[in-house]
Amino acid sequence: MKNIFGNHLPKEDHKAETKEFTILSNGIQMPMIGLGVMHMHGNECVRAICEAVDAGYRMIDTAAIYGNEAAVGKGIRDSGIDREKLFITTKLWVQDADERHAKAAYEQSLRNLGLEYVDLFLIHQPLGDIYGAWRAMEKLYEEGKVRAIGVSNLNSGRLVDLSMHNRITPHVNQVEIHPFYSQEKAVQEMKNLGVQPEGWAPFAEGRNNIFRDKVLADIGQKYGKTPAQVILRWNIERGVAVVPKSSKPSRIRENYDVWDFRLTKDDMTAIQKMEGGRELFFEHDSPELARMFGNYRIH
Ligand SMILES: NC(=O)c1ccc[n+]([C@@H]2O[C@H](COP(=O)([O-])OP(=O)(O)OC[C@H]3O[C@@H](n4cnc5c(N)ncnc54)[C@H](OP(=O)(O)O)[C@@H]3O)[C@@H](O)[C@H]2O)c1
């Protein structure tokens with residue numbers, strides 16, 4: 001498929017050959033690892049982005065509701081890299097998730113970021129008028145204002161339904177994925193639909209003592225890698241893009257240093273057995289969450 005943003009892509013990118021990138025259904029390249037920046041603000045966020053770009057990251061994951069788009073924009077500029085070499089994601093908050101407001105919210109995010117376009121614009125939650133919002137996002141995409149559009153936190157049923165009743169199938173679905181909630185079936189369904197799976201909270205935000213988990217530590221020991229690196233590799237090897245968050249320079253580097261080892265089938269099976277069968281954070285179908293997020297205003 002012809003890339004509407006062809007002239008924004010780097011002319012040559014050798015990294016594509018090393019699987020640091022995936023190709024979305026519309027033909028554009030998306031890095032497999034990005035820096036998550038939730039809860040990072042001001043200089044901490046700027047410094048983390050500079051460190052990440054220096055370490056090799058080419059993707060940054062923010063959202064309107066994180067309240068840090070301006071700091072992300074400053075980080076991008078301060079990093080000194082050509083903007084075209086980066087893949088920037090932001091997300092549409094529930095308050096703006098309808099056909100009338102989605103475009104204005106996108107333009108506000110661009111102003112906050114100080115960018116002319118983002119690479120990936122996601123509907124943040126399966127709440128509000130997401131069908132109306134999706135039609136507005138399809139328009140933004142077809143007008144060449146955004147390189148890819150997607151969703152976040154959609155279960156398989158919602159994802160199929162949204163795809164069936166609209167022109168464009170989401171390019172990405174970003175959902176909670178970590179060893180305690182691998183979402184194996186949902187990941188497979190996304191792949192069947194041509195939707196790139198992307199995992200948020202790949203470390204389960206440190207819950208269940210994940211950084212000291214014996215299964216992960218034993219696997220890592222064989223390759224001289226940490227549990228964090230094993231988790232990221234496990235996701236990448238099953239085709240799931242990841243957005244680990246860290247504000248610490250050494251961990252930012254550690255989390256990108258995953259390209260020089262490969263897990264065995266037994267390693268993958270052992271990690272799969274850590275499955276807990278349910279989400280650790282939000283129940284996206286719950287009335288409490290619908291009320292809480294539905295009432296959460298960002299402007
Ligand atoms: N779409 C959605 O609804 C949604 C929801 C949640 C998150 N997200 C995205 O996903 C990103 C990541 O998720 P998250 O921030 O919730 O959690 P996470 O990436 O699973 O975990 C982050 C935590 O792990 C620590 N950490 C990072 N690397 C480490 C390492 N190598 N060793 C030990 N500790 C390490 C960080 O501490 P330090 O910073 O101190 O290193 C931080 O406390 C977010 O930033 C956001 O971009 C999206």
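Thr264 lies in the loop between helix H9 (249–254) and helix H10 (265–272). Helices (H or I, at least four residues) and strands (E, at least two) are DSSP runs numbered from the N terminus. Thr264 and Ile219 are 45 residues apart in sequence and 9.5 Å apart in space, C-alpha to C-alpha. The model is predicted: local features need pLDDT of at least 70 and side-chain atom pairs count only at pLDDT 80 or more, whereas totals for chains, interfaces and linings use all residues. Residues are numbered from 1 along each chain as its sequence is written.

An open sheet is formed by eight strands in the order E3-E4-E5-E6-E7-E8-E9-E10, with parallel pairing; two strands pair if DSSP finds at least two bridges between them. Strand E3 (35–36) and strand E10 (241–242) stand at the edges with a single partner strand each, so one side of each is left without a neighbour in the sheet.

Strand E5 (residues 87–92) is mostly covered, six of its six residues being buried. Strand E4 (residues 59–61) pairs with E5 in the parallel sense over three bridges, and Asp61 has Thr89 in E5 as its bridge partner. From E4 the chain crosses through helix H2 (residues 69–79) to E5 in a right-handed β-α-β crossover; right-handed here denotes that, with the strands pointing away from the viewer, the path from the first strand over the helix to the second runs clockwise. E5 is also joined by four bridges to strand E6 (residues 120–123), and the two run parallel. Thr89 stands opposite Leu120 in E6. The chain passes from E5 through helix H3 (residues 102–113) to E6, and this β-α-β crossover is right-handed.

Strand E8 (residues 172–176) and strand E9 (residues 196–200) pair in the parallel sense over five bridges. Asn173 stands opposite Pro197 in E9, and Val175 stands opposite Gly199 in E9. Together with helix H6 (residues 184–193), E8 and E9 make a right-handed β-α-β unit. E9 also pairs with E10 in the parallel sense, over two bridges, and Glu198 stands opposite Ala241 in E10. Five of the five residues of E9 are buried, so this strand is largely enclosed by the rest of the structure. In a regular strand the side chains alternate between the two faces of the sheet. In E9, Gln196, Glu198 and Trp200 point one way and Pro197 and Gly199 the other way, and all are buried.

The largest nonpolar core has 83 residues, and those with the most contacts inside it are Leu35, Ile49, Leu92, Phe121 and Ala133. Helix H1 (residues 42–55) supplies the largest share of this core, seven residues. Such a core is a set of buried Ala, Val, Leu, Ile, Met, Phe, Trp, Tyr and Cys residues joined through C-beta atoms within 7 Å. Ala133 touches Leu92, Ala97, Asp98, Glu99, Ala102, Ile123 and Gly128, not counting residues up to four places away in sequence; contact requires C-beta atoms, placed from the backbone, within 7 Å.

Of the 26 residues around the ligand, Gly36, Met38, Trp200, Phe203 and Lys245 come nearest; a residue is near a molecule if its C-beta atom, placed from the backbone, lies within 6 Å of it.

Conventions. Buried ≥ 20, exposed ≤ 12 C-beta atoms within 10 Å, placed from the backbone. Contact = placed C-beta atoms within 7 Å.
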